[in-house]
Amino acid sequence: MAKNYYEILGVSKSASADEIKRAYRKLAHEHHPDKGGGAAAEAKFKEINEAYQVLSNPQKRQSYDTFGTADGAQFGGANPGGFGGFGNMGGFDFGSGGVHFGGGLGDLFEGIFGQTMAQVQVEVEISITQAVLGDTLHLQVENKKVDLAIPAGTQDGHSFRLRGQGRAFRGGVGDLIVSVRIRVPRHLSREQRELYEKLKNLE
């Protein structure tokens, strides 16, 4: 069963971006592994970050609210606001050449699903220094070299959309979405702690 990210952060489904951010910061502070708690605390902290990464991103939140997942529609079962399986939908031809859609409906489905499948999502880790000062990441994504400029003050869970850097499909090329996670060492040096506090104040 899909996780209830709103329940994890203790906010309502209609919560504003500011309410979600405040709830996240409060819970992240309470359950940070540095405060102890062992594996249970680490698991809870990871769950909180996962929920915030989805709900703080407008595109991911919309997808989650519609389909129950941040990655797009799920098929073969009942989904919130989505499809309950293909059932007896007309216009399909399951011939030897694959599935063919009939008429305008087929063109619409092919366009939507083709673009969705062509979208590539990756997650990268950056250091506290990179988050505070900014940097350029040189990524290798599906045999393609991509440069991503990380601006100074980048927050944990922020996503960057690179147009036309995903997979090719019949209607063009999909987008590449890069989500950034800040790597926070278990034991921060004095310099790292100062940088981390500076980053949190930029929110």
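The points below go through these topics in turn.

1. Basis. This is a predicted model, in which local features need pLDDT of at least 70 and side-chain atom pairs count only at pLDDT 80 or more, while totals for chains, interfaces and linings use all residues. Residues are numbered from 1 along each chain as its sequence is written, and side-chain values use heavy atoms, with hydrogens and water left out.

2. Strand β9. Helices (H or I, at least four residues) and strands (E, at least two) are DSSP runs, numbered from the N terminus. Strand β9 covers residues 176–183. Of its 8 residues, 7 are buried, so β9 is largely enclosed by the rest of the structure. Buried here means under 20% relative accessible area, exposed means over 50%, and partly exposed is in between (1.4 Å probe, protein chains only).

3. Partners of β9. Two strands pair if DSSP finds at least two bridges between them. β3 and β9 pair in the parallel sense over 8 bridges, and Val124 stands opposite Val180 in β9. Strand β6 (residues 159–162) runs antiparallel to β9, with 4 bridges joining them; here Arg161 stands opposite Ile177 in β9.

4. Arg181. This residue lies in strand β9 and counts as buried at 13% relative accessibility. What does the side chain of Arg181 make a polar contact with? The partner is the side chain of Gln53, at 2.9 Å. A polar contact is a pair of N or O atoms within 3.5 Å; within protein, one must be able to donate a hydrogen and the other to accept it, and residues adjacent in sequence count only if both atoms are side-chain atoms. Leaving aside neighbours within four places in sequence, the residues in contact with Arg181 (heavy atoms within 4.5 Å) include Asn49, Gln53, Val124 and Gly157. Glu123 and Asp156 are also in contact with Arg181, and these three residues are linked in a network of salt bridges.

5. Salt bridges. A salt bridge is a side-chain nitrogen of Lys or Arg within 4 Å of a carboxyl oxygen of Asp or Glu. A search of the whole structure finds 8 of them. One of these joins the side chains of Lys3 and Glu50 (3.3 Å, N to O). Lys3 lies in the segment before α1 (5–9) and Glu50 in helix α3 (residues 38–55), so the pair ties together parts that are 47 residues apart in sequence. Lys3 is partly exposed at 38%, and Glu50 is partly exposed at 26%.

6. A bridge within one helix. Glu30 forms a salt bridge with Lys26, with the closest N and O atoms 2.8 Å apart. Both are in helix α2 (residues 17–30), where 4 residues of separation amount to about one helical turn. An α-helix has 3.6 residues a turn, so residues three or four places apart point the same way. Glu30 is partly exposed at 40%, whereas Lys26 is exposed at 52%.

7. A bridge between strands. The side chains of Arg183 and Glu125 meet in a salt bridge (3.6 Å, N to O). Arg183 lies in strand β9 and Glu125 in strand β3 (residues 120–127), so the pair ties together parts that are 58 residues apart in sequence. Arg183 is partly exposed at 41%; Glu125 is exposed at 53%.

8. Helix α3. At 1.5 Å a residue, the 18 residues of α3 should span 26 Å, and the end C-alpha atoms are 26 Å apart, which agrees. The expected span is 1.5 Å times one less than the number of residues. The buried residues of α3 include Phe45, Ile48, Asn49, Tyr52 and Gln53. Among the elements covering the buried residues of α3 are α1, α2, α4 (58–67), β3 and β9.

9. Aromatic pairs. Rings of Phe, Tyr and Trp (its six-membered ring) pair if their centres lie within 6.5 Å; planes under 30 degrees apart count as stacked, over 60 as edge-to-face and the rest as tilted. The structure holds 3 such pairs. Tyr6 and Tyr64 form a tilted pair, 6.0 Å centre to centre with 45° between the planes. This pair links distant parts of the chain, with Tyr6 in helix α1 and Tyr64 in helix α4, 58 residues apart. Tyr6 is buried at 6%, and Tyr64 is buried at 10%. The rings of Tyr24 and Tyr52 have their centres 3.9 Å apart and their planes at 10°, so this pair is stacked. Tyr24 lies in helix α2 and Tyr52 in helix α3, so the pair ties together parts that are 28 residues apart in sequence. Tyr24 and Tyr52 are both buried. Tyr5, Tyr6 and Tyr64 form one aromatic cluster.
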